Amino acid sequence: MEQLEGKICVEAALRARQRRIHLLVLRNSLHAETSAPLIELAQARQIPVKLVSPDELDAMAHGHTHGGVLALCSPRPHLAIDQLFKHLNSCGFPLFLLLLEGIDDSQNLGFVLRTAEACGVDAVLLKKHLWDFDGAAVSRASSGAFERLPLCVFDQAESLLPRISSLGVRIYGCIANAQRTIYQVDLTRSVLIALGGEKRGLSAAVRGYCDRFIKIPMLSAAGSLSLSHASAILLAEVMRQRLSRDETFQDPNQA
C-alpha cells in the first residue's frame with residue numbers, strides 16, 4: 001500500500017487509472033474548486049471518499065505539503081516487455097525512448113520523469129534490480145508524470161534492446177568521452193537515449209547495444225552533470241530537433 005499526497009499526483013493517479021485506489025481522503029475545509037473534481041473522479045471509479053478535519057489529515061500525512069489531499073492506493077504497475085511493445089506499436093513514429101541506469105534517489109527519478117513527459121518521451125526503461133524507490137515520492141517529485149508515463153522495468157539488456165533495435169530505433173549512449181556531441185547527430189529519427197547515473201555511468205551490457213555514443217559539450221572541467229540536469233539537456237535537444245525537423249539538417253560527421 002502506498003500513500004499519495006498532494007492534489008497534483010492524486011488527481012494524476014485518478015485520471016491515469018493505473019493504480020487501484022482504496023480511499024481518497026480530503027480535508028473537510030478544502031475549497032469546492034479543489035475537492036469537487038477529485039470527488040467526481042473518485043465516484044466515477046466507485047472509490048470511497050473520506051472527509052476529515054485538518055488535524056486528522058495532518059496526523060495521517062507523511063509530509064507537510066499535502067494540501068489537504070491524500071490517497072491510499074496500490075503501487076503503480078509497470079509494463080511488462082510485451083506490453084511495452086504493444087504500446088510502442090500504437091505510438092506514432094518516430095519513437096522517442098529513454099533508458100535510465102544507476103538512479104538511486106526517488107526525487108531525482110521523479111525530476112527526470114517530469115522532464116521526459118514534457119519533452120515527449122514515449123516510454124521510459126529502467127533495470128529491474130535498480131527499482132528500489134518510494135513510488136509516492138517519485139510521483140510527487142514528477143508532478144504526476146510517474147502516473148502517466150509508460151514505464152518498463154526489465155531484467156537484462158539482451159531481453160529488451162535487440163527488440164528495440166528491430167523497430168528501427170537507434171540507441172544513443174551518453175558518455176563523457178564520446179567523440180560526437182548531442183548537437184552533431186540527427187535525433188529526429190526513432191531514438192533511444194541511454195543515460196547512466198553519476199557514480200557508475202552506463203553498464204557494459206547497455207553500451208554493447210549502443211549504435212553511437214554522444215556527449216553534452218562542456219566549457220569547463222566540471223566532468224559531469226547530475227542525472228536530472230543531463231537528462232533535461234539531452235531530452236530538450238531531441239525535442240528541439242523534432243520541432244524543427246523541416247529545416248535542413250547538416251552533420252558533416254554523420255555516417
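**Close-up 1. Arg17, an exposed residue in the loop between helix 1 and strand 2 of a predicted model.** Arg17 counts as exposed because its relative accessibility is 52%, where exposed means over 50% relative accessible area, buried means under 20%, and partly exposed lies in between, with a 1.4 Å probe and protein chains only. The loop that holds Arg17 runs between helix 1 (7–16) and strand 2 (21–27); helices (H or I, at least four residues) and strands (E, at least two) are DSSP runs, numbered from the N terminus. Although Arg17 is a residue other than glycine, its phi is positive, near 60°. Residues are numbered from 1 along each chain as its sequence is written, and side-chain values use heavy atoms, with hydrogens and water left out. Because the model is predicted, local features need pLDDT of at least 70 and side-chain atom pairs count only at pLDDT 80 or more, whereas totals for chains, interfaces and linings use all residues.

**Close-up 2. Helix 2 (32–44) and its buried face.** Helix 2 has 13 residues and reaches 18 Å from its first C-alpha to its last, close to the 18 Å expected at 1.5 Å a residue, the expected span being 1.5 Å times one less than the number of residues. Its buried residues are Thr34, Ser35, Leu38, Leu41 and Ala42. Seen down the helix axis, these buried residues fall within an arc of 130°, so they line one face of helix 2; the arc is that of the directions from the axis to the C-beta atoms. Among the elements that cover them are helix 1, strand 2, strand 3 and strand 4 (69–73), where contact means heavy atoms within 4.5 Å. The face turned away from the buried side carries the exposed residues Ala32, Glu33, Glu40, Gln43 and Ala44.

Close-up 3. Gln46 is not a glycine, yet it has a positive phi of about 60°. It is found in the loop that leads from helix 2 to strand 3 (49–52), and it counts as exposed because its relative accessibility is 74%.

**Close-up 4. The cis peptide bond between Phe93 and Pro94.** Omega of this bond is about 5°, and Pro94 lies in the loop between helix 4 (81–90) and strand 5 (96–100).

**Close-up 5. Two arginines whose charged ends sit over phenylalanine rings.** The charged end of Arg163 sits over the ring of Phe85, 4.1 Å from its centre, and that of Arg76 sits over the ring of Phe146, 5.5 Å from its centre. A charge sits over a ring if NZ of Lys or CZ of Arg is within 6 Å of the ring centre and within 35 degrees of the ring normal.
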